[in-house]
Amino acid sequence: MKTDSLHDLLRPLGSTGLLVSPLGLGTVKLGRDQGVKYPSGFAIPDDQAARALLELARELGINLLDTAPAYGRSEERLGPLLRGQRQDWVIVSKVGEEFDSGQSRFDFSARHTRASVERSLRRLETDYLDLVLVHSDGNDLAILDNGEVYPTLAALKAEGKIRAFGLSGKTVEGGLRALRDGDCAMVTYNLAEQGERPVLDYAATHAKGILIKKALASGHVCVGDQAPQDPVQASFELVFGHPGVSAAIVGTINPLHLSHNVATAAQVIRSRIHNNS
């Protein structure tokens, strides 16, 4: 087993029964180039480049894919690209946010939640999603208190259409509620932003899943005078230093960056395992 891959470093996503690679591949850049918060522009890769990126991710031991209806054409492109590989991937999608004509709009009703999941299943050409997260607009508690989105996801889980559900939120209170009543939370946690750490602490003591978004601050950790000497290593040491973290999502479409991220994450995690043994 290559020490710069993640094949033998799969870890449980809380108590969902899912085993995920410590790094997941975010796919917003496969479907959308408007309204994204990266430090530099990019071109959406064509099918050949996207297929090569997915093949590289799989070779490096990544089995976790993160997508969403709000990621433009990401879901509908992934469906054909992943044909024949469903058993190789843990697929995460979302509900609640739509992105049309350069603008986001939100709908957390029961009707939209169910319709969104059914549409994701069609686009991704699968009969189940491993994890569905509520794509918060920032009003986390209000969304969860509306009494529609979480009960609908629980029903879809009971029907076998999704295996687990949770919230991609923006507040500590929302994250804690999401974990109390669901399976997983996606939280921001990086060198510059650690305000949601209590959500990680709760997950660690209650066997809940945590996915980290913006682990590299959407790429901003790598630029500027305040960047550490090795910002990727410093970021992963922070993220994987917390026992509540299941995986971090990285959204690169650059094969060299992906390979470097995987090698760095593998080194950080193996070093922690060695030091704790």
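This is a predicted model: local features need pLDDT of at least 70, side-chain atom pairs count only at pLDDT 80 or more; totals for chains, interfaces and linings use all residues.
One of the pairings joins strand β11, residues 209-213, to strand β12, residues 247-250. These two strands run in the parallel sense and are linked by two bridges. Leu-211 has Ala-247 of β12 as its bridge partner.

## Helices across the strands

Helix α5 covers residues 149-158.

Asp-66 belongs to strand β4, which spans residues 64-66. The cut-off for a buried residue is under 20% relative accessible area. Asp-66 is buried because its relative accessible area is 3%. Leaving out residues up to four places away in sequence, Asp-66 touches Leu-25, Gly-26, Thr-27, Tyr-71, Val-92, Lys-94, Met-186 and Ile-249.

Thr-152 sits in helix α5. With a relative accessibility of 8%, Thr-152 therefore also counts as buried. Apart from neighbours within four places in sequence, the contacts of Thr-152 are Ala-110, Thr-113 and Arg-114.

Strand β6 (residues 97-100) pairs with strand β7 (residues 103-106) in the antiparallel sense, over four bridges. Within this pairing, Phe-99 is the bridge partner of Ser-104 in β7.

Two residues lie between the strands of the hairpin. In this hairpin, Ser-101 takes a positive phi near 50°.

## The second largest pocket

The second largest pocket has a volume of about 210 Å³. Its lining consists of 15 residues. Those that lie nearest the centre of the pocket are Pro-12, Pro-243, Gly-244, Val-245 and Ser-246. Two elements, β1 (11-12) and α7 (197-206), each give two or more residues to the lining.

By residue class, the lining of this pocket divides into seven nonpolar, five polar and three charged residues.

Methods: Residues are numbered from 1 along each chain as its sequence is written. Side-chain values use heavy atoms; hydrogens and water are left out. Two strands pair if DSSP finds at least two bridges between them. On a 1 Å grid over the protein atoms alone, a cavity is a set of points where a 1.4 Å probe fits but cannot get out, and a pocket is an open set with protein on both sides within 12 Å along at least five of seven lines; lining residues have an atom within 4 Å of a point. Grid points are joined across faces, edges and corners, and a volume is the space filled by probe spheres set on the points. Ala, Val, Leu, Ile, Met, Phe, Trp, Tyr, Cys and Pro count as nonpolar, Asp, Glu, Lys and Arg as charged, and the others, Gly among them, as polar. Buried means under 20% relative accessible area, exposed over 50%, partly exposed in between (1.4 Å probe, protein chains only). Contact means heavy atoms within 4.5 Å.
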